Amino acid sequence: MSDLTPPSTPVEPARAVRAGRAGQATGWMRWMPGLLSLRHYEIAWLRHDLVAGLVLTAVLVPVGIAYAVASGLPAISGLYATIFGLLAYALFGPSRVLVLGPDSSLVALILGVVLPLAAGDPQRALALAGMMAVVSGTLCVVAGSARLGFVTELLSKPIRYGYMNGIALTVVVSQLPALFGFAVNGDGLLNKILASIEAVLAGKTNWTALVLGSGTLAVIWWLKRSKRLPGVLIAVVGATVTVAVLDLAARAGVSVLGSLPQGLPALAFPSITSGDIVPVLLGGLAVALVSFADTSVLSRAYAARAGSFVDPNQEMVGLGMANLAAGIFQGFPISASASRTPVAETAGAKTQLAGIVGALAVAGLLMVAPDLLKNLPTATLAAVVIASAMALIEIKDLRRIYRIQRWEFWLSIGCMVGVAVLGAIEGIGLAIVIAIIEFLWDGWRPHFAVLGRVDGVKGYHDITRYPDARIIPGLVLFRWDAPLFFANAELFRDHVLDAVAASPTPVRWLVVSAEPVTSVDVTAADTLEELDDALHAAGINLCFAEMKDPVKDKLKRFGLFSSLGEQRFFATLGQAVGCYLRANQVPWADWEDRSR
């Protein structure tokens, strides 16, 4: 059977699942996929979800605490964000296995807002981070309701690599002082690096803390490929027990977590001052962009693996509701986790009930045993964050990009430097600007070609690629590989006139091969009219071939189609060439005619 033979039964699982869900979810129920899943829950899944939830708890607690501390927030806020984020996503999120919570990709964004504004006040820091979660959550819900789930696709892969590598670098540098057992002052990546080096040279390193942190990193990296052994949990428990048994907090001055508040938080809308509004809004926007980019990619990956479909707009709503819940229950911004989701999947999770079990288990820990982790060393928490941040760094694919598209590689490096040097929020803004410039550049300076006939090859081809191509006397076939709009209209006109001037024979017709032209705006239409006048004065007819009907419709609205005349528009290049040869009685023998 040929590889091109279609299967006997068409298989389109994504479309089937999409249609199935659309038929089942009606009215307000479509906004709560968790309730829809509960309706069709199978009792055989219960054991798997319970076990997966309990296994997941072992990772949720240390990681939640570590990211809170790394973000400049009270440790307990990481557990609050974990609990209420998971519960909200279980109700509003469309993915069956995705695990949400504090994430290393957001640490630098939160820290960039909290650190300069909180001035060391933990309650103010919590209010600022909580409001960032509320802002990002609101933006996600509004955008998802407006079906704007496609927005993150506007960021190219090199730019995504750039800002994630920049964030990872920023997070690693911010955690090095804690890993070495001291604290430093300084804003910005370079200042922190210099301050850390000065502290090390001044002999401020706490060698016991450094050994604990380095050991934690070693255990995590050693066990990271194991699907059965939870490396983070083993490392955290080992370090905590070591500190407790040897009393290293008192004897060696090792900084530890301390006791956590007992119980669950009260519902409280975060309060900020008027001077905080702009940085919090910008931070919330950056968080919404980064968290949805991560969440949508991870969600689609697991959906594809399961042969199902996840609505990106509902994913945005689910992420938004999870952040809103985290923000109003004394938490901070959260995202999908590329490290905890595999834990749930490997443990056998079937639905979001596993996340609910994990959230309830964490809540039970706060109610019953808040002192369980009081001897957890800060250096170990720093190591957990560093290990997660290092996992964000992309090198392999950047090497591939360097080989095949050098300028996109340097674009990614520039974005990374921007995030690392300017700051996470400013860097994300820079990434967006670069993405827009990158998008416009291809249309602003597109490829174009003068076409000729190549013996033995059907169609018309770029004469620079085929030096032996024959050009029909008096005819210029010009192809423009982009939409025609205000930014490239003048360039189009200049290249057309250059092609006419470079013709080896006096030009009678110029035919634009317009199949790649997907749009024309008012500025470009006016430029076409001016070009037609200039060519007409030189005795040259301007014609078009293979123009798409929607583009013709625009020219009709602009009045250009009627002024040029329908006879100047041809369905194919071959038709245009034939008409030219007949109208001008040009002798021309095509290779196909000669071969007959």
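Analyst: This is a predicted model, in which local features need pLDDT of at least 70 and side-chain atom pairs count only at pLDDT 80 or more, while totals for chains, interfaces and linings use all residues. Residues are numbered from 1 along each chain as its sequence is written, and side-chain values use heavy atoms, with hydrogens and water left out.

User: Why is Cys 579 called partly exposed?

Analyst: Buried means under 20% relative accessible area, exposed over 50%, and partly exposed in between (1.4 Å probe, protein chains only). Cys 579 has 25% relative accessibility, so Cys 579 counts as partly exposed.

User: What makes Cys 543 buried?

Analyst: The relative accessible area of Cys 543 is 3%. That value is under 20%, and therefore Cys 543 is buried.

User: How do you know how many disulfides there are?

Analyst: A disulfide is a pair of cysteine sulfur atoms within 2.5 Å, and a search of the whole structure finds zero. For Cys 543, the nearest cysteine sulfur is that of Cys 579, 7.6 Å away. Because the cut-off is 2.5 Å, Cys 543 is in no disulfide.

User: What makes a set of residues a nonpolar core?

Analyst: The set consists of buried Ala, Val, Leu, Ile, Met, Phe, Trp, Tyr and Cys residues joined through side-chain atoms within 4.5 Å. The largest such core has 105 residues, and Ile 65, Leu 109 and Tyr 163 have the most contacts inside it. Another core, of 32 residues, lies apart from the largest one and includes Ala 482 and Val 512.
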